Amino acid sequence: MIQKAARLGEVKEYYFSRKLREIATLRSEGKNIINIAIGSPDLAPPKAVVEEIKKAMVLPNVHQYQSYQGIPELRAAFCDFYKNNYNVSLNSNTDVLPLMGSKEGIMHISMAFLNKGDKVLIPNPGYPTYASVTKLVEAEAVLYNLNEATNWLPNFEELEKEDLSKVKIMWVNYPHMPTGAVATKENFRELIAFAQKHNILIVNDNPYSFILNENPTSILEIEGAKEVAIELNSLSKTFNMAGWRVGMVVGDAEIIKTILQVKSNMDSGMFLGIQKGAVKALKSSKYWFSDLNAIYTKRRKLVWEVFDALNCTYDKSIGGLFVWAKLPKGNLAEDFTDKLLYEKDIFITPGTIFGTNGEGYIRASLCVSTEVLNEVLNRLETVKIK
Ligand SMILES: Cc1ncc(COP(=O)(O)O)c(C=O)c1O
C-alpha cells in the first residue's frame, strides 16, 4: 500500500464528513433525523441570478477556459459591492481576486505566504479549516483564546506574552463563526495596530457580514489596514449561493498578485455562467438583505425556543447565521449533542469542533425552515430527554 504524505499526519477527517456518514446510516435504518447543525443556506439565490446562468449557457465562449483573474465584469462588481456596502475603494484590476468560495482562499493564502515552521495565529473557537490548512502546509498553528469574558475578541495582552517573532499570519473572522460576535471599528483598529507592531499579515474572513448584522464592516475600512490586512468574502451566505462556490479575496495589489501566483497554478478559471450569475447577485438591491434577514429573524426566535427547551443560555443581541448557546452546567458538548441525536433524532453542532474553548457550548443553524424548527420543538416537548 502506498504511504500517505506525512503532512496528513495531523489532519483528521472533518467532523461533519464523519457525522453525516453516521446520520446517513441512521436514516437508512429508518430514523427521521433533523439536521440543524450545518450552515448551508436552504433558501434560493435571487431569481435574476438563476436566470443569468441560464442565459449564459448559450454564449459561444461559455465552455472555454476563463481568465485566471475572473471576468472584468465580476471584478468590477466585487469592487462596487465593497464601495457600496463598506465604503472601501478597490482597484478592480489589481486589488481583487475571485475565488471558488472563500474556503479555497484559506489554502491559497497559506501556500502563498507560509514556509515550513512559520507560526500562524488561529482563533479558538474558530473555523476548523484555518488550523487544518496550516498543518497541511507544514506551518505551526498557534491557537489564541476567545471567550465570553472578552466578547470573543482577541486578548492582546495575553497574545503579547507569546513569542510572536515567527508569526506570519493571523486569522480573524468577524462577524465570528461560531459565536456570532462582531468586531467594532475600534476592535479592528487594535488588530491593525497589533499587526503593524509585529509584522503580521491579518486575514479577516468575512462571509457573515450581512446575516442579522446591522453594521456590516470590512477590516479594510480602517486606515492603514491595506498594508497589513486582506479580507476574504463570499457569496455563499450573503446570496444563498454556497454550492455555486463564489468568493473573493481583496486587499493590497502585491499581496493579491502573490495569491494569484498560487491560484493560477491550481485551477483554470471559474465557469462563465457562475461568474455572470455572481455579477447579478452582487448588484442586488438592499431589499434582498432585508427580506433575507426577515426570514432569519423568524427562524432565530424558534431556535431561541429550542435552546430554552434545552435549558441553554444565549445572547439575544448577537447575530449571524447560527445561534451559539451555553449548555447547562456540567454538560460536555459532544455528549450532549450525541444524546440529542440518539434519543431525539436531532443533529446539532457541539462547540468543541471549533476548538477547546467551544467546550460547554452548542451551535444551531438558521438554515432550516420554521416548519422543521417547530418539529424540533415538538420533539423536545413530547419526548423527554433521559
Ligand atoms: C468562517 C467561515 N469561513 C469560510 C467559510 C467557507 O465559505 P465559502 O462557502 O465561501 O467557501 C465558512 C463556511 O461555512 C465559514 O464558516
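Two strands are taken to pair where DSSP finds at least two bridges between them. Helices (H or I, at least four residues) and strands (E, at least two) are DSSP runs, numbered from the N terminus. The model is predicted: local features need pLDDT of at least 70, side-chain atom pairs count only at pLDDT 80 or more, and totals for chains, interfaces and linings use all residues. Residues are numbered from 1 along each chain as its sequence is written, and side-chain values use heavy atoms, with hydrogens and water left out.

Strand β10 (residues 322-326) and strand β13 (residues 361-365) run antiparallel and are joined by five bridges. Within this pair, A325 has I362 of β13 as its bridge partner. A325 is also the bridge partner, in β10, of Y314. The pairing of β9 with β10 is antiparallel and extends over two bridges. These strands belong to an open sheet of four strands in the order β9-β10-β13-β12, with antiparallel pairing. β9 (313-314) and β12 (349-350) each have a single partner strand and stand at the edges, so one side of each is left without a neighbour in the sheet. In β10, four of the five residues are buried, and the strand is thus mostly covered. Here buried means under 20% relative accessible area, exposed means over 50%, and partly exposed lies in between (1.4 Å probe, protein chains only).

A further antiparallel pair is formed by β2 and strand β8 (residues 247-250), which are joined by four bridges. L99 has G247 as its bridge partner in β8. Strand β2 (residues 96-99) is covered on both faces. V96 and P98 lie on one side and L97 and L99 on the other, and all are buried.

The ligand is surrounded by 14 residues, of which the closest are D205, Y208, S234, S236 and R245. By class, the shell consists of five nonpolar, five polar and four charged residues. In this scheme Ala, Val, Leu, Ile, Met, Phe, Trp, Tyr, Cys and Pro count as nonpolar, Asp, Glu, Lys and Arg as charged, and the others, Gly among them, as polar. Polar contacts are pairs of N or O atoms within 3.5 Å; within protein, one must be able to donate a hydrogen and the other to accept it, and residues adjacent in sequence count only if both atoms are side-chain atoms. A backbone N or O atom of K103 is placed 2.8 Å from a ligand oxygen atom. From the side chains, a polar atom of Y208 lies 2.6 Å from an oxygen atom of the ligand, and an N or O atom of R245 lies 2.7 Å from an oxygen atom of the ligand. Of the 400 Å² of accessible area that the ligand has on its own, the protein covers 90%. Accessible areas come from the Shrake-Rupley method with a 1.4 Å probe, and for residues only the protein chains shown count as cover. Two or more residues of the shell come from each of α4 (102-113) and α9 (235-238).

N204 is located in strand β6 (residues 201-205). With a relative accessible area of 0%, N204 is buried. The side chain of N204 reaches the backbone nitrogen of Y174 at 3.1 Å. Apart from neighbours within four places in sequence, N204 is in contact (heavy atoms within 4.5 Å) with V172, N173, Y174, F188, I219, I230, E231 and L232.

Some backbone features occur in loops. A cis peptide bond, with omega of about 10°, joins N124 and P125. P125 is in the loop between β3 (119-124) and α5 (128-136). Another cis peptide bond joins M177 and P178, with omega of about 15°, and P178 is in the loop between β5 (167-172) and α7 (185-198). W152, a residue other than glycine, has a positive phi near 60°. W152 is placed in the loop between β4 (140-145) and α6 (156-159) and counts as buried at 5% relative accessibility. N240 is likewise not a glycine and has a positive phi of about 55°. The loop that holds N240 runs between α9 and β8, and N240 counts as buried at 5% relative accessibility.

How values were computed:
A residue is near a molecule or strand if one of its heavy atoms lies within 4 Å of it.
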